[in-house]
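Subject: Two-chain model, handover and notes

Hello,

Here is the structure I promised. Please look it over, then read the notes below it.

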Amino acid sequence: MDLRDSYKNATRSIAGARMRSFLTMLGIIIGIAAVILLMAVGEGSKRNILAQIQGSGSGNLYLTPGAQSGILSSGRNRTTRDTGAKITMDDLKAIEAKVTYPIVVSPANTMGITVKRGNTTMAGSGIFGTETYFEVNNLTIESGRPIVASDVSNRTRNVVIGANVSSTLFPDVSPVGQLIRINGMSFKVVGVTATKGQSLFGNSDNAVILPITVGEKSFGMQHDRISMTTIKSVNPDDSGAIVKQITIILERKHGKVDFSVLDQKALTSLFSSTLSIFTTLLAAIGGLSLIVGGIGIMNIMLVSVTERTREIGIRKALGARERDILAQFLIESSLLSGIGGIIGVVFSVLVADLIIQRFVPTYVTTSSVLLAVGFSIAVGIFFGVYPARKAARLRPVEALRYE
Amino acid sequence: MELIQLTDIRKIYMIGGVTIEALAGVSLDIGAQEFVAIMGPSGSGKSTLMHILGCLDSPTSGRYMFKGRDVSGLRSDELAAVRNQDMGFVFQAYNLLPQMSALENVMLPLSYATKPVRDGRRKAEELLEHVGLKDRMKNRPVEMSGGEQQRVAIARSLMMDPSIIMADEPTGNLNSKGAREVIDLLKALHEEGKTIIYVTHDDNIGAQAERVIRIRDGLVVVDEGD
């Protein structure tokens with residue numbers, strides 16, 4: 001039997017039971033959509049985060065306490081209380097003194113804070129930093145002035161607020177020179193930062209930047225522990241060498257490697273590999289639903305074989321060999337899953353671009369589409385083999401006798 | 001040389017642990033261009049004999065020589081090729097595929113032809129014309145009477161120019177007019193030189209044949225050809 005005949009037979013049989021074929025395909029459509037959409041979300045998040053790393057300044061290095069053992073344990077939220085590992089101002093002074101390349105060091109601690117002016121209250125993040133914070137993080141001042149060295153050394157209660165904090169608390173007047181209350185204490189706004197948007201370590205638009213020395217004095221932060229230090233390499237090409245120098249300096253000083261220092265490249269590969277695992281996991285979850293869809297195909301093909309036992313008998317009487325019957329049912333099952341797969345691809349690309357894109361970043365890769373369609377056809381063949389073999393092996397006499 | 005030579009053919013079924021001997025040693029010869037009726041009461045083994053003659057089933061023991069070739073031990077795909085090339089089947093229940101038109105049904109054996117057939121479509125049209133269904137080619141089986149469906153089935157059985165037409169109770173589902181038409185058609189085909197073997201339990205229908213073989217309890221009891 002030639003392929004065109006088989007194809008025509010299969011389409012006719014699929015079209016002959018429209019509702020049933022559609023419901024069977026629905027299992028595959030949902031499975032394919034699950035694979036593509038979950039991969040699109042995974043890939044979208046990955047690209048988003050990597051873009052943020054790229055945008056965070058190409059020469060920046062990140063120094064955190066505690067030896068690096070993976071992305072989940074080395075972020076800004078790491079508490080060092082348990083391990084005793086810490087980075088102190090003295091460590092940073094040693095780095096500034098001994099690193100032979102031009103660098104700018106910016107220590108910072110963060111905590112959640114409540115900001116209030118009059119009757120308006122908002123939650124934000126408090127960043128306790130120094131005068132170098134703005135340069136290292138590419139923050140520009142929209143109005144007023146930044147935190148300066150004297151604010152840090154004098155522990156003055158001067159703060160710089162983010163664009164969103166400014167627009168929320170000061171919708172009508174210029175905030176510069178005004179007083180706000182942070183966690184119940186009074187502070188003076190000396191400047192406002194320009195809008196920057198989401199970056200790797202938070203959103204500076206929702207932040208209030210305070211002198212680092214105020215944290216310990218007024219917010220109960222631990223003495224001389226710096227949770228996140230950003231070190232800017234003035235010449236980005238030096239960053240690799242600087243990482244080595246800092247490692248040597250601190251290891252000698254601490255007697256062990258109880259810190260981690262990552263440059264952008266290391267950070268990118270660290271995030272990239274972790275996020276790829278995440279995307280693969282999501283695809284695997286989607287793949288499970290595709291297998292469920294495949295079982296649906298097997299189910300409906302078994303029903304179809306039983307219903308068409310007599311047809312199989314007739315075809316065999318007219319000279320159909322086992323492989324002809326096998327091909328007929330396999331083509332039908334793979335066509336069901338293939339069409340379902342293509343509908344699933346179109347549907348999920350539309351949903352990803354038109355709907356999900358509004359809430360989370362998505363990115364549909366060509367490879368995910370090819371993987372999904374290939375997998376769906378494979379599912380159709382795999383789950384079609386058993387029913388097709390059952391049909392092919394029917395004895396003509398028994399098949400003809402079937403009512 | 002005879003077209004068909006059966007030697008001591010036995011067919012034994014196992015149904016629920018009980019063995020049933022449907023054919024208990026049948027030996028008979030059928031020559032080319034014969035017009036044969038196989039008759040017997042239900043359960044006599046006449047349908048089983050028909051299935052073995054038509055290569056739809058294999059005997060448990062015995063030898064079946066078809067056109068001088070032993071077909072008793074052939075594999076299922078080899079039997080399929082024999083059926084496609086040499087056997088034309090007509091069944092009691094017509095056995096047309098409901099989703100296909102009359103023309104497509106007649107052309108169906110072409111799908112399984114082991115060698116290419118030229119002008120298959122034109123040949124199918126000519127066959128349908130020959131059985132008097134020139135105007136019904138595009139109709140589906142449900143749109144046709146029983147007699148018309150059976151004539152489509154006869155046209156289909158002729159598609160590959162088989163050596164033999166095998167008809168299993170071809171008039172069993174038909175009224176007397178339809179039955180008459182079908183028998184006349186088979187007779188006409190016989191006069192054109194076709195070998196025809198049909199099974200029936202109806203004495204009137206059986207009487208139309210030139211040779212009647214009567215089966216009872218899996219054995220040939222009367223064979224007018226001897």
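In chain A of this predicted model, strand β2 (residues 103-117) and strand β6 pair antiparallel over two bridges. Strands count as paired if DSSP finds at least two bridges between them. Helices (H or I, at least four residues) and strands (E, at least two) are DSSP runs, numbered from the N terminus. A:K116 has A:R181 in β6(A) as its bridge partner.

β6(A) spans residues 179-182. Its covered face holds A:I180 and A:I182; A:L179 and A:R181 make up the uncovered one. In a regular strand, side chains alternate between the two faces of the sheet.

β6(A) also pairs with strand β7 (residues 185-193) of chain A, antiparallel, through four bridges. There, A:L179 is partnered with A:K188 in β7(A). The two strands form a hairpin with two residues between them. A:N183, in the turn, has a positive phi of about 45 degrees.

A note on conventions. Residues are numbered from 1 along each chain as its sequence is written, and chains are lettered from A and ligands numbered from 1 in the order in which they are written. As the model is predicted, local features need pLDDT of at least 70, side-chain atom pairs count only at pLDDT 80 or more, and totals for chains, interfaces and linings use all residues.

Chain B has an open sheet of four strands, ordered β2-β1-β4-β5, with antiparallel pairing. β2 (18-30) and β5 (69-70) of chain B are at the edges with a single partner strand each, so one side of each has no neighbour in the sheet. Five bridges join β1 (residues 4-15) to β4 (residues 61-66) in chain B. B:R10 sits opposite B:S61 in β4(B).

Two phi values to check. Most residues other than glycine have a negative phi. B:D8, not a glycine, has a positive phi of about 50 degrees. B:D8 lies in strand β1 of chain B. B:D8 is partly exposed, with 13 C-beta neighbours inside 10 Å. (Buried is 20 or more other C-beta atoms within 10 Å, exposed is 12 or fewer, partly exposed is in between; C-beta atoms are placed from the backbone.) A:R155 is not a glycine either, and its phi is positive, about 55 degrees. A:R155 is in the loop between α5 (149-154) and β5 (158-161) of chain A. A:R155 is partly exposed too, with 15 other C-beta atoms within 10 Å.

Now helix packing. In chain A, the axes of α1 (residues 3-16) and α11 (residues 322-354) come within 9 Å and cross at roughly 55 degrees. Axes are lines fitted to C-alpha atoms, for helices over the stretch in contact; angles run from 0 to 180 degrees between N-to-C directions. α1(A) and α11(A) are therefore oblique. (Under 35 degrees is roughly parallel, over 145 roughly antiparallel, 65 to 115 roughly perpendicular, the rest oblique.)

In chain B, the axes of α5 (residues 146-157) and α6 (residues 176-191) come within 9 Å and cross at roughly 20 degrees. α5(B) and α6(B) are therefore roughly parallel.

Last, the chain contact. Chain B gives 17 residues and chain A gives 16. (Contact is C-beta atoms, placed from the backbone, within 7 Å.) On the chain B side, helix α2 (residues 76-86) has the largest share, six residues.

Best wishes

Conventions:
Contact = placed C-beta atoms within 7 Å.
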